[in-house]
Each structure stands twice: as structure tokens, then as C-alpha cells.
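Got a minute to look at how this protein holds its ligand? Let's go through it by question and answer.

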Amino acid sequence: MNTETIISIFNEFDHQFNYKSHSELNSGHINDTFLIKTDGGINYILQRINQIVFKDVPGLVNNKVLTSNHIRSKYPKASNEALNNTVLSFVKAKNSTLYYYNKGINFWNVMIFIDDSVTHEIVNNKEIAYEGGKLLGDFLNLTADFDSSQLIDVIPNFHNMSFRYKQYASSIQSALKSRLTKAAKYIQIVADLKEEMHILQNLKDAGKIPIRVTHNDTKISNSLFTQDNKGICMIDTDTVMPGIIHYDFGDAIRTICNTAAEDETDLSKVAFNLEYYKAYEKGFLEKTKDTLTEIELKYLPLAAKTMIFIMALRFLTDYLNNDIYYKTTYAEHNLDRAKNQFKLIESFSEKLKF
Ligand code: GN1
Ligand code: MG
């Protein structure tokens with residue numbers, strides 16, 4: 001995207017300071033995200049929201065803003081400046097909506113960048129795992145009294161195992177022979193794990209697990225930390241929706257406890273780090289142990305395994321569908337991501353018995 005376009009879109013928003021420079025943040029697989037540096041005291045995040053994946057972008061933005069406002073209201077005495085450094089803050093477009101629809105083609109939104117913050121793609125410090133657990137616990141606590149019926153289902157069936165399995169089964173029907181051959185080993189693993197991986201979904205469908213406001217994309221790179229490893233807040237609230245806490249716990253564990261990045265191709269580097277699991281769980285339970293029900297607590301380890309499986313399955317499905325969903329940078333990127341996640345499940349099962 002050229003600089004002129006970025007500047008002109010940024011200028012559709014009611015920002016306080018002028019554009020100085022920008023850089024693209026490449027961690028996401030769906031949206032395009034830019035850090036805009038300004039000539040003043042506030043920098044911004046400009047984001048193009050993918051409307052193929054997100055069918056109701058105004059609804060999505062409304063979810064994010066409502067959630068943020070609810071969290072902000074929990075700190076009535078804090079100054080705006082302090083809140084802007086600890087809670088996501090959205091900037092209005094000049095037409096007064098919280099997004100800008102560029103010539104009917106692209107949706108954009110702007111947030112205040114939390115300065116001096118860092119994100120981690122891989123965790124190499126137990127403290128970060130522990131702090132990450134506290135952040136998710138805080139997020140669930142702060143949104144616990146929010147009426148989740150005000151939120152739209154941004155992506156229906158997002159973490160629905162039965163739905164993901166159906167998508168996978170239909171991808172097998174239409175996949176190229178060459179891709180099926182390369183995926184054969186993993187197709188067998190999916191068959192072996194299928195039943196166990198439906199346990200949580202069945203409990204949810206039977207109404208046995210409470211529905212709460214959940215984040216739904218808790219990979220560790222979606223948490224902000226200070227330079228000295230203290231948690232600031234969770235970011236990327238695109239997928240905030242009603243759901244069960246297990247997928248949030250599991251998705252964080254999936255990324256925190258992987259000793260390598262999600263697309264590392266040298267599988268000897270991919271292993272499950274049990275020490276980080278314990279640290280994350282400790283931070284998480286410190287915040288939530290009084291609010292979670294017995295069934296929620298009981299299924300946390302299975303949730304971790306299930307969430308790794310769901311991501312493995314989604315990457316494999318996209319590979320079999322010729323890479324139509326996730327951004328990829330080379331031909332077998334999705335297959336490599338899937339292999340990585342299956343290796344993580346194997347290591348998880350060796351290290352964590354439950
Ligand atoms: C996608 O684009 P990003 O990083 O926010 C995906 C998540 C996956 C993640 C895997 C809407 O998130 O579900 O866990 O990639 N988001 C969507 O890295 O599909
Ligand atoms: Mg996301």
C-alpha cells in the first residue's frame with residue numbers, strides 16, 4: 001500500500017497529531033495493520049479490516065468499542081491519558097462513525113497506539129507466561145458483567161469444533177490429489193483424535209458450560225507487555241463474542257507453550273513447554289479461581305489440546321482448499337503451520353497427562 005493512500009485514509013480520522021511516518025505490522029493473518037508515527041505525543045494503529053472474513057464490519061467495530069468502553073468504565077477515576085495507555089481507545093472518523101469505508105471498497109479503523117509496549121511471537125521467559133495468564137483473567141473479569149447479548153457473533157461458529165470438522169471434511173472432497181498426498185499423515189491423525197476433540201463442543205452444546213464474553217484470539221502476540229514483562233492489556237478484539245473460556249485459555253497456551261513460532265518448519269524446535277503452562281495457569285487462576293465453575297476448571301487441560309487441534313485443522317483445511325483464507329507467503333505455508341501444530345499436540349500429549 002503506498003504512502004499517499006495510507007496518509008489520505010489516516011486523515012479521514014479525527015487524530016490529534018499529524019502523520020510523520022508509518023510501518024506495517026505483519027503479525028496478523030487476516031487484516032492489514034500499520035503503525036502511524038506522528039509529530040506529537042500520540043501514535044496510532046491504522047487497520048484495514050478484511051471484509052471477506054468479517055461479513056459485518058460495522059458490527060465488529062461496535063463490538064470492539066462497546067467492550068473497550070465497558071472496560072474503561074471500570075476505572076472511573078483514571079484520566080483519559082492513563083486509560084489510553086492501558087485500554088484500547090478507538091478514534092472516530094471525521095464522519096463520526098468509528099470506522100471509515102473507503103469508496104465502498106475497504107473498511108478501516110484507528111486506535112491509539114500504546115507507547116513503550118511490546119508483543120511477543122514466541123515466549124522465552126516464564127514471567128511473560130504468568131503475566132499473560134493474569135491478562136486473560138483480567139479481561140474475563142472486567143467483561144463478566146457485560147451483557148453479551150449486545151455483541152454480534154462476528155464469525156458464526158468461529159470455534160465450533162463440529163463446524164470446523166465439517167469444513168475440513170468438505171475440503172477433503174474437493175482437494176487436489178497432490179495436496180491430499182502431502183496431507184495424508186495428518187488426515188490420519190485427525191481421524192485418530194476426532195472423538196476426543198469433540199468433548200468440549202458436546203458439553204457446550206448440551207449447555208453444561210457457562211457462556212461468557214470471550215476474546216477468541218488470545219495468541220500471545222495479541223497481548224501487550226511493558227519492556228520489563230508486565231502485562232498491559234489484550235489487543236486485537238476483532239473476535240470478541242459470547243463463548244466459552246476454554247478456547248481463550250487454550251489458544252493462549254497454544255502459542256505461549258510452543259517453543260517455536262507457529263510456522264516454524266524445523267519441527268525439532270517445536271515442543272510443548274510445561275513450565276510455561278504452569279506459569280500461565282497460575283496467573284490465570286489467581287484472577288479467576290473464584291468465578292469459574294467446576295466444569296470450567298476441570299476442562300482447562302483438554303481445552304489446550306483442543307485449541308491446538310482446531311488450529312491444526314483450520315490450517316490443514318486452508319491448505320486443502322488451496323489457501324483461500326489465511327495470508328501465506330509461500331506455497332506450503334499452511335501445510336507447514338498445520339504440521340507445526342500437530343507436532344505441538346504430540347509433545348503436549350507426552351508432557352501433560354490429564
Ligand atoms: C488469525 O489474523 P490474526 O492473527 O488476528 C485467526 C485466528 C488464528 C490466528 C492464527 C479471524 O488471527 O483465529 O488463531 O490467525 N483469526 C481469524 O495465528 O480467523
Ligand atoms: Mg485476530
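Q: How many residues surround ligand 1, and which are the closest?
A: Keep in mind that this is a predicted model. The shell around ligand 1 holds seven nonpolar, two polar and seven charged residues. That makes 16 residues around ligand 1, and the closest are His29, Lys219, Glu262, Arg314 and Tyr325.

Q: How much of ligand 1's accessible area does the protein cover?
A: Ligand 1 sits in the largest pocket. On its own it has 450 Å² of accessible area, and the protein covers 96%.

Q: Why does ligand 1 lie between two domains, and which ones are they?
A: Among the elements that supply at least two shell residues each are α8 (245-256) and α11 (300-320). Two domains both give residues to the shell, so ligand 1 lies between domain 1 (3-115) and domain 2 (126-352).

Technical notes
Residues are numbered from 1 along each chain as its sequence is written. Chains are lettered from A and ligands numbered from 1 in the order in which they are written. This is a predicted model: local features need pLDDT of at least 70, side-chain atom pairs count only at pLDDT 80 or more; totals for chains, interfaces and linings use all residues. Side-chain values use heavy atoms; hydrogens and water are left out. A residue is near a molecule or strand if one of its heavy atoms lies within 4 Å of it. Accessible areas come from the Shrake-Rupley method with a 1.4 Å probe; for residues, only the protein chains shown count as cover. On a 1 Å grid over the protein atoms alone, a cavity is a set of points where a 1.4 Å probe fits but cannot get out, and a pocket is an open set with protein on both sides within 12 Å along at least five of seven lines; lining residues have an atom within 4 Å of a point. A molecule sits in a cavity or pocket if more than half of its atoms lie within 2 Å of its grid points. Helices (H or I, at least four residues) and strands (E, at least two) are DSSP runs, numbered from the N terminus. Ala, Val, Leu, Ile, Met, Phe, Trp, Tyr, Cys and Pro count as nonpolar, Asp, Glu, Lys and Arg as charged, and the others, Gly among them, as polar. Domain bounds come from an automatic or database domain assignment.
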